[in-house]
Amino acid sequence: MPVRSTRRTFVGVTALTLAFSIIAFTQAAYAGKPVGSDKGATTEETGGGDGTGIYAAARITYSGSVAANGSKGNVTSADVNWTPPPCWYAPYLGAKDFKKKMSGDIESQMNAPGMGGHAGAALSELKRHYEDEYGWTDTPGYKDYNVDKDGEGMFWAAVENPDEPDLLKRNSCNDLPFWVDNGEAPPPQYEQAITPEILAALAYQHMQLPDTEVSLAPEQTTKVNLPTWAWLDKAVFHEVQATAAINVPGFNLQATTTARPVSLTLEPGTDDAVTYPASGECVINNDDSIGEPYARGKANRTPPCGIKYLRSSGNGTYNLQATITWDISWTGTGSAGGDLPDGTFGNGQAVTVQEIQSVNR
C-alpha cells in the first residue's frame, strides 16, 4: 500500500481543500415542531440533498425545550469565552453511496476547463487515496472506496455549524472523509468527531428557555421611594431539558442538557434606584421560588427581592430588566456527563414611576 510520510505534505493540503469544495454539505435542511419542554417537541438538522438523490446520513435530532425550525435558542452563556463547536465530523454515507458521490464529483472536477497543475495533481492524489490505497502515515488509503465493506461501516465527513458566524472556525474541520466500522470509535486523531459532549453543547445552543415575566407589586406603575416587590412562583420557574441525538447504522449517541434556575438579577433601568438585595441578585428559595409575593400588611417591610425607584420616570417608563441565571449540566451515552457554563435569559418590563412621596397600602 503506497504511504506518504504525512497526510499534509506534497499536495495533501491542496487535496484537502479541494475535497471539501467538492463534497461540502449543502445547506442544512430543517423540520421542526412547536417548542415545549414537556410536549416532545422535535427539530431535525440534516445534511441536504444535492440533486443526485444522495443525502447525508448524518442527522442530529433535537427534542424537548428547543427552538423551532432548527434555529438558535435564546440562552446566552454567562462565560463569554465559551462557544458551541463550530464544526464536527459525523457519519456521512455508506461505501457504495460514497463512491457514487465522490467519484462522480472527482471526475467532474478533473474534466473542468483549466483543471491542471497543482489542482489537477491534487485531484489525482485524492482519486488514488480512495481507489488505489494511497495513504499517509495516520491516514490509510482505500481500495475501491471500501465497497467490499458496504453495510459494515460508514464514511464520516465534516459538518459545519450553521450558527457559527466565523467562517474560518466553521471550516476548521478540514480533514478528508474517513471510514469508521460499525460499533467502533473514530480514529483518535479526529478530535472533533461527534461525541456526547458535542451533542450536549449543541443542545445548549438550541435550547429555548421559558419567557417568564416577573410578578411585581405594585404592578407596572409604582411610586417614588416606594419599594416594589418582585417574585417568581415555583409553578412558573422550573428546570427545562433539551436533547440532541444522532442515530445511524452502527452508531448511536445522545445527550440531554438540563437547565435549572438558580437566581434572578434585577436591573432597574436607571441609576436612580435601589435594589433589594443591594447586589440585585435574588437567589432561589428552598421551595424553588424566588422572592416573596406582596400581601396586605407588608407595606412597611423591605422586600427580599425588589426595587425602590428614587426618581419619577416622567412621561416615559423605565425598562426593568429581569435576567434569570440557569445552572447547566448534561448527561449522555455511556454514563458521560458534566457541567456547562451557566446560561442567562432576560426579559424587559416597562415600569412607570410616579412622583408621589408616600401612599397608604
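Strand β19 and strand β20 (residues 336-354) run antiparallel, with 14 bridges joining them. Strands here are DSSP runs of E, at least two residues long, numbered from the N terminus, and two strands pair if DSSP finds at least two bridges between them.

Before going on, this is a predicted model, where local features need pLDDT of at least 70, side-chain atom pairs count only at pLDDT 80 or more, and totals for chains, interfaces and linings use all residues. Residues are numbered from 1 along each chain as its sequence is written, and side-chain values use heavy atoms, leaving out hydrogens and water.

Back to the pair. Gln321 stands opposite Gly348 in β20. The hairpin of β19 and β20 has 3 residues between the strands, and Gly334 there takes a positive phi near 75 degrees.

β19 has another partner: 12 bridges join it to strand β14 (residues 251-267), and these two run antiparallel. Here Ser263 stands opposite Thr325 in β19.

Why is β19 largely enclosed by the rest of the structure? Of its 15 residues (318-332), 11 are buried, so the strand is largely enclosed. Buried means under 20% relative accessible area, exposed over 50%, and partly exposed in between, with a 1.4 Å probe and protein chains only.

Now the loops. Asn300 is in the loop between β17 (290-291) and β18 (306-309). Asn300 is exposed, with a relative accessible area of 83%. Asn300 and Pro227 are 73 residues apart in sequence, and their C-alpha atoms are 9.1 Å apart in space.

Glu152 lies in the loop between β7 (135-136) and β8 (153-160). At 44% relative accessibility, Glu152 counts as partly exposed.

Methods:
Helices (H or I, at least four residues) and strands (E, at least two) are DSSP runs, numbered from the N terminus.
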